[in-house]
Amino acid sequence: QDYLAASGCEFTGKHDGAFNAFKGTVKIPGTDFEKASVSVSIDTASVTTDSDNLTAHLKKADFFDVEKHPKATFESTSVKKAGDAYTITGNLTLHGVTKSISFPAKASLAGDTVSVDADFTINRKDFGIAYAGKVDDLIKDDVGMKLAIKAKKS
């Protein structure tokens, strides 16, 4: 999460995090990535950050509410060529809310390995994660997402 100070929009902190338990599939008929489909399931309780206190808080109802919403999922609905990259569109379910999202991604197929790299943001409030933070340490609505996928042919 990124934090903004209430007095002038200065960054007062940044935390990096990850999910350590997830499964996913990329299906590509032949070599045409525009016909690909992507499916991912994430165990939300596997969230980790650079702060034990923050990790514990993210698992509670203020954020991921992992007891009530143990999984987050993504199912692609389309993949379109966009210059030297692709735009992947699909349904992201997070915190019990499903929204269609689109994001740019670089993708390549080499031998029996597909690689997908993406860097984009989502608005946490779109998914019902509306924790306001402290009065003097506001939490940004946009959360950066970074994907680095390497999958072997099965």
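The structure is a predicted model, in which local features need pLDDT of at least 70 and side-chain atom pairs count only at pLDDT 80 or more, while totals for chains, interfaces and linings use all residues. Residues are numbered from 1 along each chain as its sequence is written, and side-chain values use heavy atoms, with hydrogens and water left out.

The protein chain contains 1 helix and 13 strands; helices (H or I, at least four residues) and strands (E, at least two) are DSSP runs, numbered from the N terminus. Read from the N terminus, the order of elements is β-β-β-β-β-β-α-β-β-β-β-β-β-β. The chain has 154 residues, of which 31% count as buried; buried means under 20% relative accessible area, exposed over 50%, and partly exposed in between, with a 1.4 Å probe and protein chains only. The accessible surface of the chain comes to about 9400 Å², and 52% of this surface belongs to carbon and sulfur atoms. Such areas come from the Shrake-Rupley method with a 1.4 Å probe, and for residues only the protein chains shown count as cover. Among contacts (heavy atoms within 4.5 Å) between residues at least 6 apart in sequence, 48% join residues at least 24 apart.

Seven strands form an open sheet with antiparallel pairing, in the order S4-S5-S7-S8-S9-S10-S13. Two strands pair if DSSP finds at least two bridges between them. Strands S4 and S13 (142-152) are the edge strands, each pairing on one side only. From one strand to the next, the twist averages 20°; axes are lines fitted to C-alpha atoms, for helices over the stretch in contact, and angles run from 0 to 180 degrees between N-to-C directions.

Within this sheet, S7 (residues 71-82) is joined to S8 by 9 bridges, and Ser76 has Gly90 in S8 as its bridge partner. Another 9 bridges join S8 to S9 (residues 97-110), with Tyr86 opposite Ala105 in S9. Ala105 in turn has Ala118 in S10 as its bridge partner, and 6 bridges join S9 to S10. S8 and S9 form a hairpin with 2 residues between them, and His95 in the turn has a positive phi of about 60°. The hairpin of S9 and S10 also has 2 residues between its strands, and there Gly111 has a positive phi of about 65°.

The structure holds 5 aromatic pairs. Rings of Phe, Tyr and Trp (its six-membered ring) pair if their centres lie within 6.5 Å; planes under 30 degrees apart count as stacked, over 60 as edge-to-face and the rest as tilted. The ring centres of Phe33 and Tyr86 are 5.0 Å apart and the planes stand at 55°, so this pair is tilted. Because Phe33 lies in the loop between S4 (22-27) and S5 (37-43) and Tyr86 in S8 (residues 85-94), the pair ties together parts that are 53 residues apart in sequence. Phe33 is buried at 7% relative accessible area, and Tyr86 is buried at 13%. The charged end of Lys81 sits over the ring of Tyr86, 4.8 Å from its centre; this requires NZ of Lys or CZ of Arg within 6 Å of the ring centre and within 35 degrees of the ring normal.

Phe74, Phe103 and Phe120 form one aromatic cluster. Phe120 belongs to S10 (residues 113-123) and is buried, with a relative accessible area of 12%. Not counting residues up to four places away in sequence, Phe120 touches several residues, including Ile101, Phe103, Val143 and Met145. The C-alpha atoms of Phe120 and Met145 are separated by 5.3 Å, although these residues are 25 apart along the chain.
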